[in-house]
Amino acid sequence: MQSNKVTSSMEVETAPFEAKPLPPKPKFEPLKPHEMTDGQVQFRKVNVPPHRYTPLKKAWMDIYTPIYEQMKIDIRMNLKARRVELKTRRDTPDISNLQKCADFVHAFMLGFDVIDAIALLRLDELYIESFEIKDVKTLRGDHLSRAIGRLSGKGGKTKFAIENASKTRIVIADTKIHILGSFANIKIARDSLCSLILGSPAGKVYSKLRAVTTRLAERF
(Lines give C-alpha, C1' and ligand atoms only; values in the text may rest on other atoms or scores of the structure.)
Protein backbone atom coordinates (compact mmCIF):
# COMPACT_ATOMS: atom_id res chain seq x y z
CA MET A 1 0.00 0.00 0.00
CA GLN A 2 1.53 3.21 -1.12
CA SER A 3 0.88 6.50 0.64
CA ASN A 4 1.16 9.61 -1.41
CA LYS A 5 2.63 12.51 0.51
CA VAL A 6 1.11 15.72 -0.65
CA THR A 7 3.11 18.79 0.20
CA SER A 8 1.11 21.93 0.31
CA SER A 9 2.86 25.23 0.23
CA MET A 10 1.27 28.45 1.51
CA GLU A 11 2.28 31.71 0.11
CA VAL A 12 2.38 34.50 2.74
CA GLU A 13 2.17 38.00 1.45
CA THR A 14 4.31 40.45 3.44
CA ALA A 15 3.20 44.04 3.40
CA PRO A 16 5.98 46.65 3.40
CA PHE A 17 6.68 47.80 7.01
CA GLU A 18 6.22 51.49 7.57
CA ALA A 19 7.93 52.90 10.69
CA LYS A 20 5.54 55.19 12.51
CA PRO A 21 7.10 58.31 14.01
CA LEU A 22 7.29 58.31 17.83
CA PRO A 23 5.19 60.83 19.69
CA PRO A 24 7.12 63.87 20.93
CA LYS A 25 8.65 63.69 24.42
CA PRO A 26 6.51 65.29 27.10
CA LYS A 27 7.96 68.44 28.57
CA PHE A 28 7.43 68.78 32.30
CA GLU A 29 8.36 71.91 34.17
CA PRO A 30 10.63 71.32 37.18
CA LEU A 31 8.82 70.98 40.47
CA LYS A 32 9.10 73.81 42.93
CA PRO A 33 10.44 72.96 46.41
CA HIS A 34 7.05 73.40 48.11
CA GLU A 35 5.46 71.09 45.50
CA MET A 36 7.95 68.27 46.26
CA THR A 37 6.52 68.02 49.77
CA ASP A 38 2.87 68.37 48.62
CA GLY A 39 2.79 71.92 49.93
CA GLN A 40 3.69 70.85 53.48
CA VAL A 41 6.01 73.13 55.43
CA GLN A 42 9.24 71.50 56.64
CA PHE A 43 10.54 72.32 60.13
CA ARG A 44 13.84 72.00 61.98
CA LYS A 45 14.44 72.81 65.66
CA VAL A 46 17.85 73.39 67.26
CA ASN A 47 18.13 73.53 71.06
CA VAL A 48 20.16 76.35 72.62
CA PRO A 49 22.42 75.23 75.50
CA PRO A 50 22.51 77.63 78.49
CA HIS A 51 26.13 78.74 77.91
CA ARG A 52 25.40 79.73 74.25
CA TYR A 53 22.36 81.89 75.02
CA THR A 54 24.30 85.15 75.46
CA PRO A 55 26.59 84.61 72.41
CA LEU A 56 23.45 83.85 70.34
CA LYS A 57 21.91 87.19 71.38
CA LYS A 58 25.05 89.06 70.30
CA ALA A 59 25.46 87.24 66.97
CA TRP A 60 21.73 86.95 66.14
CA MET A 61 21.78 89.32 63.14
CA ASP A 62 24.90 87.62 61.70
CA ILE A 63 23.03 84.30 61.84
CA TYR A 64 19.62 85.65 60.78
CA THR A 65 20.74 87.59 57.67
CA PRO A 66 22.28 84.78 55.54
CA ILE A 67 19.54 82.30 56.52
CA TYR A 68 16.59 84.59 55.77
CA GLU A 69 17.92 86.62 52.84
CA GLN A 70 20.23 84.20 50.99
CA MET A 71 18.87 80.72 51.83
CA LYS A 72 15.21 81.92 51.91
CA ILE A 73 14.42 80.11 55.16
CA ASP A 74 12.28 81.52 57.97
CA ILE A 75 14.01 81.57 61.37
CA ARG A 76 12.87 82.58 64.83
CA MET A 77 13.98 82.19 68.44
CA ASN A 78 11.46 80.46 70.69
CA LEU A 79 12.21 82.13 74.03
CA LYS A 80 9.89 79.86 76.02
CA ALA A 81 11.33 76.57 74.72
CA ARG A 82 14.84 78.07 74.32
CA ARG A 83 15.42 76.77 70.82
CA VAL A 84 15.88 78.14 67.31
CA GLU A 85 13.12 77.14 64.89
CA LEU A 86 13.51 77.06 61.10
CA LYS A 87 10.94 76.44 58.37
CA THR A 88 10.71 76.53 54.58
CA ARG A 89 8.91 79.22 52.56
CA ARG A 90 7.14 79.12 49.21
CA ASP A 91 10.09 80.90 47.58
CA THR A 92 12.78 78.59 49.07
CA PRO A 93 14.96 77.72 46.02
CA ASP A 94 16.13 74.31 47.29
CA ILE A 95 14.63 72.00 49.90
CA SER A 96 18.13 71.05 51.14
CA ASN A 97 18.68 74.65 52.31
CA LEU A 98 16.67 73.86 55.43
CA GLN A 99 19.09 71.15 56.58
CA LYS A 100 22.10 73.31 55.72
CA CYS A 101 20.73 76.12 57.88
CA ALA A 102 20.03 73.69 60.73
CA ASP A 103 23.63 72.42 60.53
CA PHE A 104 24.89 76.04 60.51
CA VAL A 105 22.92 76.94 63.67
CA HIS A 106 23.94 73.65 65.34
CA ALA A 107 27.62 74.38 64.59
CA PHE A 108 27.28 77.78 66.29
CA MET A 109 25.70 76.11 69.34
CA LEU A 110 28.67 73.74 69.57
CA GLY A 111 31.00 76.74 69.89
CA PHE A 112 32.20 77.55 66.36
CA ASP A 113 32.43 81.19 65.27
CA VAL A 114 29.81 82.46 62.80
CA ILE A 115 32.46 83.18 60.13
CA ASP A 116 33.63 79.54 60.35
CA ALA A 117 30.19 77.89 60.65
CA ILE A 118 28.76 79.88 57.72
CA ALA A 119 30.94 77.77 55.39
CA LEU A 120 28.39 74.97 55.96
CA LEU A 121 25.88 77.02 53.96
CA ARG A 122 28.22 77.53 51.01
CA LEU A 123 30.07 74.21 50.72
CA ASP A 124 28.51 70.74 50.47
CA GLU A 125 31.49 68.62 51.52
CA LEU A 126 31.87 70.02 55.05
CA TYR A 127 31.00 67.97 58.12
CA ILE A 128 31.18 68.19 61.92
CA GLU A 129 32.64 65.30 63.91
CA SER A 130 32.38 65.16 67.69
CA PHE A 131 34.02 62.84 70.18
CA GLU A 132 35.04 62.80 73.84
CA ILE A 133 38.44 62.28 75.41
CA LYS A 134 37.16 59.17 77.21
CA ASP A 135 36.38 57.62 73.77
CA VAL A 136 40.14 57.58 73.11
CA LYS A 137 41.49 56.87 76.59
CA THR A 138 39.91 56.72 80.03
CA LEU A 139 41.51 59.53 82.04
CA ARG A 140 40.54 60.99 85.41
CA GLY A 141 41.59 63.85 87.65
CA ASP A 142 44.91 65.51 86.90
CA HIS A 143 45.60 63.15 83.99
CA LEU A 144 42.46 64.44 82.24
CA SER A 145 43.43 68.07 82.94
CA ARG A 146 46.92 67.51 81.50
CA ALA A 147 45.44 65.87 78.37
CA ILE A 148 43.20 68.92 77.78
CA GLY A 149 46.25 71.15 78.31
CA ARG A 150 48.23 69.14 75.73
CA LEU A 151 45.39 69.54 73.20
CA SER A 152 45.27 73.32 73.59
CA GLY A 153 48.95 74.08 74.17
CA LYS A 154 50.26 77.30 75.66
CA GLY A 155 47.85 80.06 74.63
CA GLY A 156 46.11 77.67 72.21
CA LYS A 157 49.27 77.26 70.14
CA THR A 158 48.91 73.51 69.54
CA LYS A 159 45.23 73.77 68.59
CA PHE A 160 45.94 76.59 66.11
CA ALA A 161 48.83 74.63 64.58
CA ILE A 162 46.60 71.59 63.97
CA GLU A 163 43.83 73.81 62.55
CA ASN A 164 46.16 75.55 60.11
CA ALA A 165 47.93 72.37 59.01
CA SER A 166 44.75 70.33 58.47
CA LYS A 167 42.52 73.22 57.24
CA THR A 168 39.89 72.51 59.89
CA ARG A 169 38.34 74.30 62.86
CA ILE A 170 38.46 72.73 66.32
CA VAL A 171 36.42 73.45 69.45
CA ILE A 172 37.54 71.96 72.78
CA ALA A 173 34.63 72.23 75.21
CA ASP A 174 35.68 70.57 78.48
CA THR A 175 36.11 66.88 77.55
CA LYS A 176 34.23 67.15 74.24
CA ILE A 177 36.01 67.91 70.97
CA HIS A 178 34.27 69.12 67.80
CA ILE A 179 36.00 69.27 64.41
CA LEU A 180 34.62 71.14 61.37
CA GLY A 181 36.09 70.38 57.94
CA SER A 182 36.12 68.03 54.97
CA PHE A 183 36.23 64.26 55.49
CA ALA A 184 39.96 63.83 54.74
CA ASN A 185 40.98 66.90 56.76
CA ILE A 186 38.93 65.82 59.77
CA LYS A 187 40.80 62.50 59.76
CA ILE A 188 44.20 64.29 59.84
CA ALA A 189 43.10 66.55 62.73
CA ARG A 190 41.51 63.67 64.64
CA ASP A 191 44.65 61.51 64.39
CA SER A 192 46.77 64.38 65.74
CA LEU A 193 44.38 65.05 68.62
CA CYS A 194 44.22 61.34 69.51
CA SER A 195 48.03 61.16 69.59
CA LEU A 196 48.11 64.10 72.03
CA ILE A 197 45.46 62.49 74.24
CA LEU A 198 47.44 59.24 74.33
CA GLY A 199 50.48 61.16 75.60
CA SER A 200 52.59 62.04 72.55
CA PRO A 201 54.62 65.24 72.96
CA ALA A 202 53.57 68.20 70.82
CA GLY A 203 56.88 68.23 68.87
CA LYS A 204 56.32 64.68 67.62
CA VAL A 205 52.75 65.52 66.54
CA TYR A 206 53.99 68.63 64.69
CA SER A 207 56.52 66.60 62.70
CA LYS A 208 53.88 64.01 61.77
CA LEU A 209 51.50 66.79 60.70
CA ARG A 210 54.21 68.37 58.56
CA ALA A 211 54.84 65.05 56.79
CA VAL A 212 51.13 64.42 56.17
CA THR A 213 50.42 67.93 54.85
CA THR A 214 53.47 67.76 52.56
CA ARG A 215 52.21 64.44 51.17
CA LEU A 216 48.74 65.94 50.63
CA ALA A 217 50.19 68.99 48.86
CA GLU A 218 52.15 66.73 46.49
CA ARG A 219 49.04 64.64 45.74
CA PHE A 220 46.88 67.61 44.85
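A residue counts here as buried when its relative accessible area is under 20%, as exposed when it is over 50%, and as partly exposed in between (1.4 Å probe, protein chains only). The structure is a predicted model, so to speak, with local features needing pLDDT of at least 70 and side-chain atom pairs counting only at pLDDT 80 or more, while totals for chains, interfaces and linings use all residues. Residues are numbered from 1 along each chain as its sequence is written, and side-chain values rest on heavy atoms, with hydrogens and water left out.

Taken as a whole, the protein has 11 helices and 6 strands; helices (H or I, at least four residues) and strands (E, at least two) are DSSP runs, numbered from the N terminus. Of its 220 residues, 35% are buried. Contact means heavy atoms within 4.5 Å, and among contacts between residues at least 6 apart in sequence, 57% join residues at least 24 apart.

Pro 49 sits in the loop between S1 and helix H2 (53-58). Its C-alpha atom is 8.2 Å from that of Arg 82, with the two residues 33 apart along the chain.

Now for the sheet around S1. Two strands are said to pair if DSSP finds at least two bridges between them. Three strands make up an open sheet in the order S1-S3-S2, with antiparallel pairing. Strand S1 (43-47) and strand S2 (73-78) are the edge strands, each pairing on one side only. From one strand to the next, the twist averages 20 degrees. S1 and strand S3 (residues 83-88) share 5 bridges in the antiparallel sense, and Arg 44 stands opposite Leu 86 in S3. Two helices go with these strands. Helix H3 (residues 60-70) lies across S2 and S3 and runs at about 150 degrees to S2. Helix H4 (residues 97-110) packs on the sheet and touches S1, S2 and S3, its direction making about 5 degrees with that of S1. For these angles, axes are lines fitted to C-alpha atoms, for helices over the stretch in contact, and values run from 0 to 180 degrees between N-to-C directions.

Strand S6 (residues 176-181) has 5 of its 6 residues buried, so it is largely enclosed by the rest of the structure. S6 pairs with strand S4 (residues 127-132) in the antiparallel sense over 6 bridges, with Ser 130 opposite His 178 in S6. S6 also pairs with strand S5 (residues 169-173), again antiparallel, over 5 bridges; here Ile 170 stands opposite Ile 179 in S6. S5 and S6 form a hairpin with 2 residues between them, and Asp 174 in the turn takes a positive phi of about 60 degrees.

Helix H9 (residues 157-166) and helix H11 (residues 202-219) pack at about 10 degrees, their axes 10 Å apart. H9 and H11 are therefore roughly parallel (angles under 35 degrees; over 145 is roughly antiparallel, 65 to 115 roughly perpendicular and the rest oblique). On the H9 side, Lys 157, Thr 158, Ala 161, Ile 162 and Ala 165 meet Ala 202, Tyr 206, Leu 209 and Thr 213 in H11.

Helix H10 (residues 183-197) has 15 residues and should span 21 Å at 1.5 Å a residue, which agrees with its end C-alpha atoms being 21 Å apart; the expected span is 1.5 Å times one less than the number of residues. Buried residues of H10 include Ile 186, Ala 189 and Leu 193. Just after H10, Gly 199 has a positive phi of about 115 degrees.
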